[in-house]
Amino acid sequence: MKLKKLVSLFLTFAKIGAFTFGGGYAMIPLIQREAVTKNGWVSDDDIMDIIAIAESTPGPVAINSATFVGYKTAGVLGSAAATLGVVMPSFIVIYLISGVLREFQEIKVIKYAFAGIRAGVIALICKALMNMYKKAPKGLVGYILMGAAFILAAFVKINAVYIIIAAAVVGIVSAIIAERRKNDLS
Amino acid sequence: MIYLKLFLTFLKIGAFTFGGGYAMLPLMQNEVAANNWMTPEELVNFIAVSESTPGVLAINAATYIGAEVGGFWGSVCATLGVVVPSFVIILIVARFLMMFSSNKYVLSVMKHLKPAVVGLIGSAVITLGQPVFLPNGFKDINIFALCFSIAVFALMLFLAIKKKHPILLIGLSAALGIAVGFIGEWTNIGTLV
């Protein structure tokens, strides 16, 4: 029974991994459909919590959600089965093309194609930037963090890891200050 | 020890990416540049490959760079590295902290991380865009290639805002590149590459 559930988790997440093109966010509706509607592994409320947690913990959203749904369904082995499933299709496809990709890019017609594609990819990144800007909290501190992160990464060439750590520290400190203020008032 | 290096580098990328997709780009770009694993141009090419193949950028990039640098076991180590932080952290949260996403410290950290990630992706646009639009900096500007890149960029941004699928955009950009590349070559107007 348990084994059947593990196999089913693995196959379902392998299917999700195989049919998602683009980013992890494209995967969320698929995970919702498979895990809630089709298999009933988690409830509708659970999946909302799971996605919220997947977005606020480190790591790609797709891996986070797969691990979480797997755990809820069949414990630690379940999360291993689901994560392995979601990773497997990418791994196989990319591993198979990795050997030829570099030579492939040396062909003239491909070079021309990539000259167009590179400009298109920068547009895709700009679109992702616009989406994330819309979703980001605004306000003075927000704009300062945004500007500081941009300048430090683009021009001062500070490693992104340090900028993430610094922003997280600002978050913790401001939560502590908010807490203190609340205690002072009461 | 290349396997350990790949594992630890992708572990770092996995551990410091918040949000999906392009949020990991600034980190990945730092690491591939520091280790000389890929030029910015190759990274942009790979993003296109990743968008047109199944799966998420994080896994695709780990698998590809791992394979390029260390063969089969290299790609296993890199992929494992990018997955392990998620896996461990989610198991801990799922087991002990179901209230995680409503904790006030977590909320405050996320509230401050999001704008910083926006700034970081903005910086990735600059550092990845420069080799695309101005591969030789401000000297030796190839006007033909620059005008072409700006036109494709503008058209694709418009289509992306219209919510057209990324694969369609990549296909169209490729077709334009091939068409304009050969027209430029045959008519001697200019070269794209």
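Chain B has a mean pLDDT of 90, with 98% of its residues at 70 or more. Keep in mind that this is a predicted model. The overall scores are ipTM 0.88 and pTM 0.85.

By element, the lowest mean pLDDT in chain B, 88, belongs to helix 3, residues 40–51, and the highest, 95, to helix 6, residues 143–161.

Now the fold of chain B. The chain has 7 helices and 0 strands, so to write it out from the N terminus is to write α-α-α-α-α-α-α. Its C-alpha trace spans about 65 × 40 × 30 Å along the principal axes. Of the 193 residues in chain B, 56% are buried. Taking the contacts in chain B with a separation of 6 or more, 60% are between residues 24 or more positions apart.

Next, the contact between the chains. Chain A puts in 85 residues and chain B 92. On the chain A side, at least two residues come from each of helix 1 (2–18), helix 3 (44–56), helix 4 (61–104), helix 5 (108–135), helix 6 (140–154) and helix 7 (160–185). Helix 5 of chain A gives the most, with 23 residues.

What is the split into nonpolar, polar and charged on the side of chain A that touches chain B? That side has 56 nonpolar residues, 22 polar and 7 charged.

One remark on reporting: the size of an interface is often given as the accessible area lost when the parts come together. The numbers I gave for this contact are residue counts, 85 from chain A and 92 from chain B.

Methods. Residues numbered from 1 in each chain as written. Chains lettered and ligands numbered in written order. Predicted model: local features only at pLDDT ≥ 70, side-chain atom pairs only at ≥ 80, totals over all residues. Helix = DSSP H or I, 4+ residues; strand = E, 2+ residues; numbered from the N terminus. Buried ≥ 20, exposed ≤ 12 C-beta atoms within 10 Å, placed from the backbone. Contact = placed C-beta atoms within 7 Å. pLDDT = per-residue confidence, 0-100. Nonpolar A, V, L, I, M, F, W, Y, C, P; charged D, E, K, R; others polar.
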